[in-house]
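Hi,

Here is the structure I promised to pass on. Have a look at it first, and my notes follow below.

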Amino acid sequence: MKKDTIIILSGGMDSVTLLYDQQERIALAVSFDYGSNHNAREIPFAKLHCERLGIKHVVIPLDFMAQYFRSSLLEGAEAIPEGHYADENMRSTVVPFRNGIMLAIAVGMAESNGLRFVMMANHGGDHTIYPDCTPQFVEAFDEASRAGTFVNVGLLTPFVNWSKGEIARRGKELGLDYAETWSCYKGGEKHCGKCGTCVERKEALADAGIDDPTVYEG
């Protein structure tokens, strides 16, 4: 398969699974450092996996987001709510239009590098609180991207209707070690085990029948 795709790679479970699942077509991976609590924990894993697969990896700083956007994700570990991902208080972790900004940059990079697609690992569990992860957003952004580029750069989101458990099951099939990924929004030395992403991580690994390799606090 021709390498025709750029992937947005955070270093979390979902994007790392997508990286391995679609590695034959991925020419370039881009991670964005936007000042969140956990960027410094995630991005080294993104780099690790790209080096392992021989895929070029680029990190782009988006410092302005931490300066001008409001989100508990940008305000320090103490601001991150604990509880289930679906709980109302998790809305505070939304970084307004984050995916739209990242995708716009990735689309420009794709066209600049002669690539035809941008890939993102949003999934069905994201839909409840992140509007820029929904199928409606994906469809609208794909249309805008194709209309706004000479080569009609398209958006690929293979996991958009998958649960995180289904993604973990795919990772299990691929032989992934999820200890080499990061989820916790607090971004400490260890996963806190209590924030929404940690709870979702535990549930997905259990659903996939994977012994959780994550080191949690306490």
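Residues 24 or more positions apart make up 69% of the contacts with a separation of 6 or more in the protein, a contact being heavy atoms within 4.5 Å. Before you go further, note that this is a predicted model, where local features need pLDDT of at least 70 and side-chain atom pairs count only at pLDDT 80 or more, while totals for chains, interfaces and linings use all residues. Residues are numbered from 1 along each chain as its sequence is written, and side-chain values use heavy atoms, with hydrogens and water left out.

The protein has seven helices and five strands, taken as DSSP runs numbered from the N terminus (helices H or I, at least four residues; strands E, at least two). Along the sequence they come in the order β-α-β-α-β-α-α-β-α-β-α-α. Of the 218 residues, 55% are buried, where buried is under 20% relative accessible area, exposed is over 50% and partly exposed lies in between (1.4 Å probe, protein chains only).

Now the cavities, which may be your kind of thing. Searching the whole structure turns up two of 30 Å³ or more. A cavity here is a set of points on a 1 Å grid over the protein atoms alone where a 1.4 Å probe fits but cannot get out, and lining residues have an atom within 4 Å of a point. Grid points are joined across faces, edges and corners, and the volume is the space filled by probe spheres set on the points.

The largest cavity comes to about 540 Å³. It is lined by 31 residues, and those closest to its centre are Ser10, Asp14, Ser15, Glu42 and Arg98. Two or more lining residues come from each of α1 (13-21), β2 (26-33), α2 (39-53), α4 (98-112) and α7 (196-207). By class, that lining has 14 nonpolar, eleven polar and six charged residues (nonpolar: Ala, Val, Leu, Ile, Met, Phe, Trp, Tyr, Cys and Pro; charged: Asp, Glu, Lys and Arg; polar: the others, Gly among them).

The second largest cavity has a volume of about 40 Å³. Its lining is Leu73, Thr93, Val94, Val95, Arg98, Tyr130, Asp132 and Tyr185, which by class gives five nonpolar, one polar and two charged residues.

What does Arg98 touch, leaving aside residues up to four places away in sequence? The list is Tyr34, Met65, Leu73 and Asp132. Arg98 is in helix α4, and its C-alpha atom is 9.1 Å from that of Tyr34, 64 residues away along the chain.

Helix α5 (residues 135-147) is worth a look too. Its 13 residues should span 18 Å at 1.5 Å a residue, and the end C-alpha atoms are 18 Å apart, so the two agree (the expected span is 1.5 Å times one less than the number of residues). Its buried residues are Phe137, Val138, Phe141, Asp142 and Ser145. Among what covers them are α4 and β5 (154-156). On the face turned away sit the exposed residues Gln136, Glu139, Glu143 and Ala147.

Phe97 is in the loop between α3 (63-68) and α4, Asn152 in the loop between α5 and β5.

Cheers

Definitions and conventions
1 Å grid on protein atoms, 1.4 Å probe; cavity = no way out; pocket = protein on both sides within 12 Å on 5 of 7 lines; lining within 4 Å.
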